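Have the sequence and the 3D view ready as you read.

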Amino acid sequence: MRFSKILPAFFAFLLVSALAYGQKAPKLVVGIVIDQMRYDYLYRFQGDMSETGFKRLLREGNVIHDGHYAYVPTLTAPGHSCVYTGTGPALNGIIGNNWYSRPENRVVYCAEDSTANTVGSGSVNGKMSPRRLTSTTLADQLELATNRRSKTIGISLKDRGAIMPVGYLADGAYWYDGSNGYFITSDYYRKSLPDWVNKFNDRKLPDQFLDQPWTTLLPLDRYDETLPDDQPKERPFLNTEKPVFPYDLKRITSVQRFGVGESRYGILMSSPYGNSLTLEMAKAAIEGEQLGQDSITDLLAVSFSSTDYIGHQFGPQSVEIQDIYLRLDLTLSNLFQYLDSKIGLNNVLIFLTADHAAADVPGYISPPAGYFKAGDFEEGLRQHLVKKFKKDPVESFINEQIYFSKPLSVDKDKLEAEVRAYAAGFPGVYGIIPLDDFGKCITDPSVCEKIRKGVMPDRSGDLYVQLYPGWIASYYEKGGTTHGSPYAYDTHVPIIFFGWEVRHADNRQRVWVEDIAPTVCDMLHLTRPSGCTGAVIPGVLFRG
Ligand SMILES: [Zn+2]
């Protein structure tokens, strides 16, 4: 080619390179998902927080105050999937942590994969893959855009918290094996652990953490945003009488009462040290994979899960939850300082959100809240239908969804009418909503919309049992709380962007969590994930 022809081509190449990989892209995207973080925690515990963790995010970040999930069920795997696919279960396929699979005739787990093998330990906890996810993720699109030159890594204590964010093309997804204390992966991603993961496992940090007691970070009398420590609606650890500080983890983990596949290492997840371990693993990944060290944008998806275990066990009014958020504040501060020293915060785009929030403990506000006895509901429903139809048409009841055996052996309208007749008056049941006919969804339209966005026809049940606001599973009658509903206490989560070219602002418009992925795609000039239905959130960057 003659020089006069090469020159324009050369400049065109430069232009394309600058757009794709030039100064106008961050070197690293860090997605932080806090498991079970309610929006109010940003403010409730602020009086005792540092200036360099959550308060720094609020001071310098682009803060979305009315961020919600747009679907039900608000659970961990759907949440992580939504953040990174930019859509809900209807299109990303992750309709629960577990759901009933008609083809397999059993309840399946979102990440289970019998064809995959554990890498990094002898347990079965690595037999996982993203194969049930039906959309690409933000990480996949980054890999495609850079011809796989980006490094994309997912890290979480929970396998689903590591796998669903990065999806199919990631360089690695690593999660904690509660049976032995190692970080592991699946041979879906890699044939062997990288050196840096082996070295990390060799440090045996879980043993060091479990040798320490869990005491309150501050003197107990400083915890006046939550109830006094000893509460009947909190669940004690194994081998302890009361749910009160200090927790002697050495003693708690020394009991020989663990079930099959469990070990003392599992308890680590239900202490703040689970988050400390996750932080150290994230730092090891940044170091080991050299994340953010060249001009091609990398992605680290890190999920802090101990907040969820502690939320379930003790609830939002507990000293325990306040303590873990005060400690998480320091963990985040540490992570921001680390990123600043290694890469420079102006080169790192950070977003923080949660996979779902959580209900207030019904025991503290009953009525109007209460405990729904799902087991009794199902048993009574089956008996009622057998009486009416001489056979049991129910195949499964999970995630508040009733699955009928197909093909239906009884008249569909009559069956629905009998389910309604049975459910009317059952404590906690608001109504029955057919999942194949939203014209018959008789409740607040925004709730109908959330249910609809959670349905994938091949995977979902036939009828949804809507509970009254504030009602949760009766398992928690002993203490603690849960999540999963279409109501604001479960859908309302923090969404904050920080670092790189992020403009400080307080956004009080309604924003959906599925808008996070397209917003990041817009910043990086990426194609949206294949199922993406979210929209770009305006005003996050200085450049508009
Ligand atoms: Zn949970």
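Which cysteine does a disulfide join to Cys441? The partner is Cys448, with an S to S distance of 2.0 Å; a disulfide here is a pair of cysteine sulfur atoms within 2.5 Å. This is a predicted model, where local features need pLDDT of at least 70, side-chain atom pairs count only at pLDDT 80 or more, and totals for chains, interfaces and linings use all residues. Residues are numbered from 1 along each chain as its sequence is written, and side-chain values use heavy atoms, leaving out hydrogens and water.

Searching the whole structure turns up 1 disulfide. The torsion about the S-S bond of Cys441 and Cys448 is about -95 degrees, so this disulfide is left-handed.

What about other cysteines? The sulfur of Cys82 lies 9.3 Å from the closest cysteine sulfur, in Cys532, which is too far for a bond. Cys110 is in no disulfide either, and the nearest cysteine sulfur, that of Cys82, is 14 Å away.

The table uses relative accessible area: buried means under 20%, exposed over 50%, and partly exposed in between (1.4 Å probe, protein chains only).

| Residue | Relative accessibility | Class |
|---|---|---|
| Cys441 | 10% | buried |
| Cys448 | 10% | buried |
| Cys82 | 2% | buried |
| Cys110 | 0% | buried |
| Ser306 | 0% | buried |

Now to the serine. Leaving aside neighbours within four places in sequence, Ser306 is in contact (heavy atoms within 4.5 Å) with residues including Leu157, Met269 and Ile324. Ser271 is also among the contacts of Ser306, and the side chain of Ser306 reaches the backbone oxygen of Ser271 at 3.1 Å.

Terms used
Polar contact = N/O pair within 3.5 Å; in protein donor to acceptor, adjacent residues only side chain to side chain.
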